[in-house]
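Please consult the sequence and the coordinates alongside the text.

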Amino acid sequence: MSVIKSFLKKKYLTVHYRTHTNERPYSCDVCHIGFIHKSHLNRHYRTHTNEKPYSCDVCHKEFSDKSNLTVRTTVTHTNEKPYSCDVCYKEFFRISDLNEHHRTHTSEKPYSCEACHKGFKRKSNLIVHGRIHTNEKPYSCDLCHKEFSKKHHLDEHYRIHTNEKPYSCNVCHKEFSRKSGLNLHYRTHTNDKPHYCDVCHKKFSRKGELTVHYRVHTNEKPYSCDFCHKDFSYKSILNQHHRTHTNEKPFSCDVCHRDFSRKCHLKQHYRTHTNEKPYSCNKCHKKFAHKSNLNVHYRTHTNEKPHSCDVGQEEFSDKGELTVHNQTQTNEKVYFCDICNKKFSRKRELVVHYRAHTNEKPYTCHICHKEFIRKSVLNQHYRTHTNEKPFSCDICHKKFSRTSHLNVHYRFHTNEKPYSCDVCHKEFFQKSHLNVHYRAHTNEKPFSCDVCRKEFSRKYDVTVHYRIHTNDKPHSCDVCHKGFTRKGDLNQHYRTHTNEKPYSCDVCHKRFSQKTHLNMHCRTHTNEKPYSCDICRKEFSRKNDLTIHYRIHTNEKPYSCDVCNKEFSRKKDLTVHYRIHTNEKPYSCDVCHKKFSQKVHLIVHTRIHTNDKPYSCDVCSKAFNQRGSLNQHYRIHTNTISYPLDFGN
């Protein structure tokens, strides 16, 4: 039976015909959308002007459409719902809403897309769907000009600019910019997961998560990359993948302005500035910035190692450790630097390595503003400010700021020296010490002073050497306030105040304040002279003595008097010489109070009072208080100096 729709006025029939012909004579001159009714165009203009001419008399809220005002007055203030469903008795305040609701019972979808033939219960849903095919986005943000296909998406987008979050959880009071976000959040409190997989029965709180999960079973990957044709299960992952081709990094840190290709990476990066660690272990309460790190940490408590090597029997708690392990088996290094071609087995090692070329230091100390390439180095640096030493030796209880320092310290107890020189087989506690030692064989001196060009085998030595030029003495004695260029020199100096002599000779038990003095003393027992002159082959027990001896051959006199310009090969000779000009005599006899400019002169003088004669002739046993007097005496026996005898005529 055919139904003929009737109209009271001819103009209503004319307008009705346009639903059949799809004629839209009224067009928006801003976004060019067409409309059947002129009133619809007028209403549409208000989306551009944000005009809201209709106001509620009760709450004074404003609306752009009169029908919305009517709904507000009827529903919110009177709660009147005059239209009721005869199936489920649900009530509605508009008959159009009731008609749409009836279709949930009849499953009727009267509106069909001409492109893909998908059916819809509402005409408005069909119109919005059509924009997928036409890529039409009629709603534009007047702040950032981003375009949207749906008006409520634009409304939600505005809240990014205004930071408005109108939806609040009544349990924890967390706020959300979208109602859908609040609804999903509620399920974290109720643990409600209404969507479940009919294959593996896994449950989900979101329908979209279930839809994507099904692809695990079907292996469906509906999203394909236009560049490399790689397929993906998730559209979001495809979008992220596209950025590897375009190198687009749309998410920027407003603190250090570093850019990221993923929003989650930016979120994680922010924690380097705030030091936020939102994930906490419920066993030891250790905190982590990343949830993945917490998950791996849990396995230290459970001893779970879910990742195992296919070749050997090794098991790992972290998948990344297994990947690296497999690469060590095959010696595979899949990541390489496109600048210097150095290869790495881990991607994060390559990322850190790039910073050596770019000089990028993304981690900054908020106390002294020093910058670092690695976060771990920043964490270690913080301990120089806090003096925190969380790692303790369980043998002597000495504390350390780094676990690597503790590991090296343990070797002093075990006397383990795992690093051995393949030239002289000398062993070392630390690899860095072995590397420096190698330079003794190769005579390599890679570190150079910018001022005098002197070369050094260790970077620390050139740092200390600079202080000769700058006269910088950063280490000061808190007793006498004397300054030192090296911390080790300060530690040795302290022993002059405490009279501490921790180093003892195993032969004569004589004690020393410095280990180097003990080593030199030991050579008096062994008669060892390890330092030899390349020119005359004379041997010395101390390296410093050899250095001074070389100056005899080179006639080098590096120390000069700034009064008379006389030069000396030894610094102590210059110090003694200065006393000629200053008439300083710092050494005084305790008996007669006579003063001397040199300590050796005082020692010889003291023997006058003690009658001590330590130098004895091994021919006639005559004793002398000075070695020079003994040497002159020897000539009597050897007849080294002869005088002619005059017997006369």
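## Helix H17

Helix H17 (residues 459–470) has twelve residues, which at 1.5 Å a residue should span 16 Å; the end C-alpha atoms of the helix are 17 Å apart, in agreement with that value. The model discussed here is predicted.

The buried residues of H17 include Asp461, Val462, Val464, His465 and Arg467. The packing partners of the buried residues in H17 are strand E31 (447–448), strand E32 (455–456) and strand E33 (475–476). Just after H17, asparagine 471 adopts a positive phi of about 55 degrees.

## Helix H5

Helix H5 (residues 123–134) also consists of twelve residues. From the first C-alpha of H5 to the last, the distance is 17 Å, close to the 16 Å expected at 1.5 Å a residue.

In H5, the buried residues are Leu126, His129 and Arg131. These pack against strand E7 (111–112), strand E8 (119–120) and strand E9 (139–140).

Cysteine 365 is located in the loop between strand E25 (363–364) and strand E26 (371–372). With a relative accessible area of 0%, cysteine 365 is buried.

Leaving aside residues up to four places away in sequence, cysteine 365 touches Lys370, Phe372, Leu378, His381, Tyr382 and His385. Histidine 381 is 16 residues from cysteine 365 in sequence, and their C-alpha atoms are 8.0 Å apart in space.

## The aromatic pair

One aromatic pair is present in the structure. Phenylalanine 412 and phenylalanine 429 form this pair, which is tilted, with 4.4 Å from centre to centre and 35 degrees between the planes. Phenylalanine 412 belongs to helix H15 (residues 403–414), whereas phenylalanine 429 lies in the loop between strand E30 (427–428) and helix H16 (431–442), so the pair ties together parts that are 17 residues apart in sequence.

Is each of the two partners buried or exposed? Phenylalanine 412 counts as exposed, because its relative accessibility is 51% and the cut-off for exposed is over 50%. Phenylalanine 429 counts as buried, because its relative accessibility is 16% and the cut-off for buried is under 20%.

## The chain as a whole

The chain contains 23 helices and 44 strands. Its radius of gyration is 45 Å, whereas a compact globule of 649 residues would have one near 26 Å. Along the principal axes, the C-alpha trace spans about 180 × 60 × 45 Å.

Of the contacts with a separation of 6 or more, 2% are between residues 24 or more positions apart. Buried residues account for 21% of the 649 residues. The chain exposes about 47,800 Å², of which carbon and sulfur atoms supply 48%.

## Confidence of the prediction

The average pLDDT of the chain is 84, and 95% of the residues score at least 70.

Where pLDDT is low, predicted coordinates should not be read in detail.

Terms used
Residues numbered from 1 in each chain as written. Predicted model: local features only at pLDDT ≥ 70, side-chain atom pairs only at ≥ 80, totals over all residues. Heavy atoms only, no water. Phe/Tyr/Trp six-rings, centres within 6.5 Å; stacked < 30°, edge-to-face > 60°. Helix = DSSP H or I, 4+ residues; strand = E, 2+ residues; numbered from the N terminus. Buried < 20%, exposed > 50% of the residue type's maximum accessible area, 1.4 Å probe, protein only. pLDDT = per-residue confidence, 0-100. Contact = heavy atoms within 4.5 Å. Expected span 1.5 Å × (residues − 1). Rg over C-alpha atoms; globule rule 2.2 N^0.38 Å. Areas by Shrake-Rupley, 256 points an atom, 1.4 Å probe, with all protein chains shown as cover.
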